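Work through the two exercises below with the sequence and the model at hand. Each task is followed by a worked solution.

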Amino acid sequence: MENIKTENKDGILIITVDRPKVLNALNAQTIAEIGEAFHVARFDEAVKAVILTGAGEKAFVAGADINELAQCNAITGKTTAEKGQRIFIAIERFPKPVIAAVNGFALGGGCELALACHIRIASENAKLGLPEVTLGIIPGYGGTQRMARLLGKGKALELILSGDRIDASEAERIGLVNKVVPLDQLMQTCEELARRIMSRGPLAVTAAIEAVMSGSEMPFEEGQFLEATLFGLLCATEDTKEGMKAFIEKRAAQFKGA
Ligand code: COA
């Protein structure tokens, strides 16, 4: 891995996009490395949660690498978008919680990367936006779809058509990020949240991610069917028995992921 750093901190895989000279812009290799890191982490039992962030104090990810994008034609432009989309879907459907620690500019592909994560925590200096139209293109890594689903079409269109950058507090107000904290508390806040989630029943956490992320893409009735099926499956697990027993015995549950 040349463009990302990974560190397993007691079960939390911290993936840092590390191209500070270009504000962590995503070239094809960086996207492929992110995809590889998630692919390996998916089946690594030592990974219980992921935090995604950018190197330095200025940027999470300042977008797709414009030097590379400038070379695209109709064919390579489409495959570039498709490759990124596939990896961002793998992040969105990742069976363990993925938190974006948005530590500065999250523009274009960087904003789309944060949108693909399950939860977004931003530092006070963060600036978010989809400025693609200022370059004569549109978001290509799922941004038009995820932004509209998260914020509603009106707000999404305002941001996508204007290309405006918004600050962290506005992003929190409209629901683009979950929470804003001072930069020096960002990683600690994300790690505390990850650890809180990791203390819950891991099978239930995975099922909840699937119910929300897959279920919300289905018609309501099918989403409810998926929810009921996952609910039923969880009822057959040791963890569910332990969770309820622990409640009755007034002690903390010891989940085993079984
Ligand atoms: N792709 C390639 N290089 C990028 C980049 C990107 N998306 N974003 C920043 N860089 C590079 C700059 O070209 C500059 O390189 P240089 O030092 O060789 O000139 C370096 O990163 C620092 O950026 P700079 O523009 O000097 O910093 P700034 O603080 O003045 O502005 C931004 C920061 C984020 C506002 C500005 O860099 C920017 O607008 N970037 C592009 C954002 C964008 O349009 N993203 C969507 C792409 S689809």
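The exercises cover the ligand shell and then a pair of helices.

The model is predicted: local features need pLDDT of at least 70 and side-chain atom pairs pLDDT 80 or more, while totals for chains, interfaces and linings use all residues. Residues are numbered from 1 along each chain as its sequence is written, and side-chain values use heavy atoms, without hydrogens and water.

**Exercise 1.** Describe the shell around the ligand.

Solution. 
1. Count the residues with a heavy atom within 4 Å of the ligand: 19 surround it, the closest being Val-22, Lys-58, Ala-62, Ala-64 and Ile-66.
2. Sort them by type: 11 are nonpolar, 3 polar (Gly is counted here) and 5 charged (Asp, Glu, Lys and Arg).
3. Assign them to DSSP runs (helices H or I, at least four residues; strands E, at least two). α2 (66-69) and β6 (105-107) each supply at least two residues, and α2 gives the largest share, 3 residues.
4. Look for N or O pairs within 3.5 Å. A polar side-chain atom of Lys-58 lies 2.7 Å from a ligand oxygen, and a polar backbone atom of Ala-64 is 2.9 Å from a ligand nitrogen.

**Exercise 2.** How are the axes of α1 and α3 arranged?

Solution. 
1. The axes of α1 (residues 28-42) and α3 (residues 74-92) come within 10 Å and cross at roughly 30°.
2. Angles under 35 degrees count as roughly parallel, so α1 and α3 are roughly parallel to each other.

Definitions and conventions:
Polar contact = N/O pair within 3.5 Å; in protein donor to acceptor, adjacent residues only side chain to side chain. Axes fitted to C-alpha atoms, helices over the stretch in contact; angles between N-to-C directions. Parallel < 35°, antiparallel > 145°, perpendicular 65-115°, else oblique.
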